[in-house]
Amino acid sequence: MIHAVAAVAAVALSVTMVAVFPRSILVFLTFQGSMLFVYVARIPAWLRAGLLALALLVLMPLIGYFNGYYLEVATQVGIFAALALGLNIVVGLAGLLDLGYVAFFAVGAYSWAIFGSPHANLIFGGGFPLAPGWFYVFLFVGLAVAALTGVLLGLPVLRLRGDYLAIVTLGFGEVIRVLANNLDKPVNFTNGPKGITPIGRPPLPFGIPYSEAFYFLVLLIVVVIIVVNRRLEDSHIGRAWEAMREDELAAQAMGVPLVRAKLQAFACGASFAGVMGVVFSAKQIFINPESFTFLESIGVLAMVILGGMGSIPGAVVGATVVTVLNLQVLKGFSLWLNELKNAGVTVLGYSLANLPTQLEPAKYERMVFGIILVVMMIFRPQGIFPARRRQRELAHPHPPPTEVGP
Amino acid sequence: MTALFESRGIVKRFGGLVAINRVDYSLDRGISSIIGPNGAGKTTLFNVFTGLYEPDAGEVTFRGHSLVGLRPDQITALGVCRTFQNIRLFANMTAIENVLVGMHARVRLGLWDALTHRRKFHQVERGLWRRGSELLDRVGLRANANEIARNLPYGDQRRLELARALASEPSLLLLDEPTAGMTQGEAGDLMGLLRRLVVDLDLAILLIEHNMRVVMEVSDRVTVLDHGEKIAEGLPRDVQGDARVIEAYLGRRSTSRSPRAAP
């Protein structure tokens, strides 16, 4: 009961504060924190679902009305959550360390970028861009193309495991990026490093602004991905993946066809990234190979590991934490230090204004991020929300899964 | 009438070492055992039978199907399943989940069924869970169904591996030292269980065992391997008295081989 009141109060209070201080990053963080609190609090399931739905469907867009940047952050979080959930299948469940995951994101993004912009005229002569409505079709095209790419990557690496697999997937990610960089000759497919623009955006009903529309679209896709993830996890396929992660040889001896299971894992993981790639390219209007670097793959992997390998809430929370750290906390931190510096504040008798340029805060954002990762791995190596085994009552035939603890 | 399981002229080499040398073997319903000193090639033979190793020569057939060249999962699907000498459970999954993985070859569902959660999916899944808890019941682990495999005591882990192998509905079950690390009492219980399984499920069981008391009590037939070759075969009491077997275990006078528990 106390938890229920606290949960409602936390959401109400934090959202009021955001309305009062629409520019304060700290206040926006309390709003995000309140959602996390709602998720872990010991409250009835209907209340939890209701509060989360309220926060995500109503309050977040409202906050976006006060400060558009927050909605942008939320949309980015959603995009990365989808990527983390996809990678979670490959790395967390099936145990196949993939260091080139962002390649599938790129494949999805380019599939719509090429056909949704006038760029395709250079390849096919004329008749492009496709009508904006095709965007919705391309969500599925991106999914299919990325899944196919996943299978293509999977085939040559089936016999590899562990470190060897990681190196090959790393190479694969680089190949896709280099292809994107260089496939402007002899036929201009990707326009090379200059990138493709303008990429068409989908038609929207009722004149909803694009920022809100993309937010809701991303949210919808993430929800679908979570449902799909859950269902896979609770099926023979998910169990086969986990068995493969635990002991490949024993899994095969128990009748799990490794080739098939691995290709399924690669294809499922890749397809999520493909869908989000399509959304990403339309949202950004412009894409170039810079968006799909090795660092992005590592970033998504960091989300999965930080959140807790093989755990769905973990992947979502990991994506949120990393994205918010990158977009808001670390940026805000450097801005704050810069302000102190410009104001000539003295610390321990030393005026920050004399700080050499090498020590500019913006330069060690990455370092702070690295330190946070290291500290997390030392003190909570299993991640923020480690995967829990579902406990089932065997007396009844197949009751719904119930989770232990909060 | 051909035997349920038959191998002819199996040869397996590792570099210059001949691990298995022209072994003919056949078995039918009941419990058969393979014994032999360390390094005799017993586990290698198991690995050839279950598809983990491909033999350099020879033929393995099960119900008339050739098993050579098939993948381990295909062999399991045909009805030959095994346990491992060093327990290889899925350590971070629960006991019941381990058993469910064992049923994988019998699940007739695809990716699409799992995604859509159709009624058929729920029916099949319900059936799997019911059978899984029955199997756990059979090996006496029903109460531990939701425990993480890694946390189970050693003897329970062995029995869970047995349940997991049974889950694939085998006609031939290969057990690699199932009583290793068990007390005499536990081993006796396990053998009683195996006897019941043979009757209830119409199983053929092939054991590798070092525990001679167990072997002699439970086996219908014993085969002795030494240096990759079959040196004796027959009823337990006949094998026990065989001069070559005694020699393989204890060595001839003035040759040095570490003595093992003599039969």
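This report walks through a predicted model of two chains, A and B, starting with their overall build and ending with the side of chain A that touches chain B.

**The two chains at a glance**

Let us begin with the whole chains. Chain A contains 15 helices and two strands, while chain B has ten helices and ten strands. For chain B, the radius of gyration of 19 Å is close to the 18 Å that the globule rule gives for 263 residues, so chain B is as compact as a globular protein of that length. Chain A tells a similar story: a compact globule of 406 residues would have a radius of gyration near 22 Å, and the 23 Å of chain A agrees with that.

| Chain | C-alpha extent along principal axes | Buried residues |
|---|---|---|
| Chain A | about 65 × 65 × 50 Å | 43% of the 406 residues |
| Chain B | roughly 70 × 40 × 35 Å | 45% of the 263 residues |

The contact patterns can be read in the sequence direction as well. In chain A, 76% of the contacts between residues at least 6 apart in sequence join residues at least 24 apart. In chain B, residues 24 or more positions apart account for 65% of the contacts with a separation of 6 or more.

The domain assignment of chain A gives domain 1, covering 1-66, and domain 2, covering 72-310. Taken over C-alpha atoms, the centres of these two domains of chain A are separated by 30 Å. Four residues of domain 1 of chain A are in contact with five residues of domain 2 of chain A. On the domain 1 side, the touching residues are three nonpolar and one polar, with no charged residues.

Now for a single residue of chain A. I312(A) lies in helix α14 of chain A, which spans residues 312-342. Is I312(A) buried or exposed? With 22 other C-beta atoms within 10 Å, I312(A) is buried, because the cut-off for that class is 20 or more. Leaving out residues up to four places away in sequence, I312(A) touches L85(A), I226(A), N229(A) and R230(A). One of these, L85(A), is 227 residues from I312(A) in sequence, yet their C-alpha atoms are 6.7 Å apart in space.

**Chain B: an open antiparallel sheet**

Chain B holds an open sheet of four strands in the order β2-β1-β4-β5, with antiparallel pairing. β2 (17-27) and β5 (65-66) of chain B stand at the edges with a single partner strand each, so one side of each is left without a neighbour in the sheet. Strand β4 of chain B, residues 57-62, pairs with β5(B) in the antiparallel sense over two bridges. In this region F62(B) stands opposite H65(B) in β5(B). Helix α1 of chain B, residues 42-49, lies across β1 (5-14), β2 and β4 of chain B, and runs at about 65 degrees to β2(B).

**Chain B: strands around β3**

Which strands pair with β3(B) in the parallel sense? One is β8(B), residues 204-208, joined over five bridges; another is β9(B), joined over four bridges. In the pairing with β8(B), the bridge partner of G30(B) is A204(B). In the pairing with β9(B), I34(B) has T223(B) as its bridge partner. Strand β3 of chain B, residues 30-35, is mostly covered, with five of its six residues buried.

T223(B) also leads on to the next pairing. Strands β9 (residues 221-226) and β10 (residues 229-234) of chain B run antiparallel and are joined by five bridges, and T223(B) stands opposite E233(B) in β10(B). The hairpin of β9(B) and β10(B) has two residues between the strands, and H227(B) there takes a positive phi near 50 degrees.

**Where the chains meet**

Finally, the two chains come together through 28 residues of chain A in contact with 35 residues of chain B. On the chain A side, α9 (210-233), α10 (236-246) and α11 (248-253) each supply at least two residues. α10(A) gives the most, with seven residues. By class, the residues on this side of chain A divide into 14 nonpolar, seven polar and seven charged.

Methods:
Residues are numbered from 1 along each chain as its sequence is written. Chains are lettered from A and ligands numbered from 1 in the order in which they are written. This is a predicted model: local features need pLDDT of at least 70, side-chain atom pairs count only at pLDDT 80 or more; totals for chains, interfaces and linings use all residues. Two strands pair if DSSP finds at least two bridges between them. Two residues are in contact if their C-beta atoms, placed from the backbone, lie within 7 Å. Axes are lines fitted to C-alpha atoms, for helices over the stretch in contact, and angles run from 0 to 180 degrees between N-to-C directions. The radius of gyration is taken over C-alpha atoms; the globule rule is 2.2 Å times the number of residues to the power 0.38. A residue is buried if 20 or more other C-beta atoms lie within 10 Å of its own, exposed if 12 or fewer, and partly exposed in between; C-beta atoms are placed from the backbone. Ala, Val, Leu, Ile, Met, Phe, Trp, Tyr, Cys and Pro count as nonpolar, Asp, Glu, Lys and Arg as charged, and the others, Gly among them, as polar. Domain bounds come from an automatic or database domain assignment.
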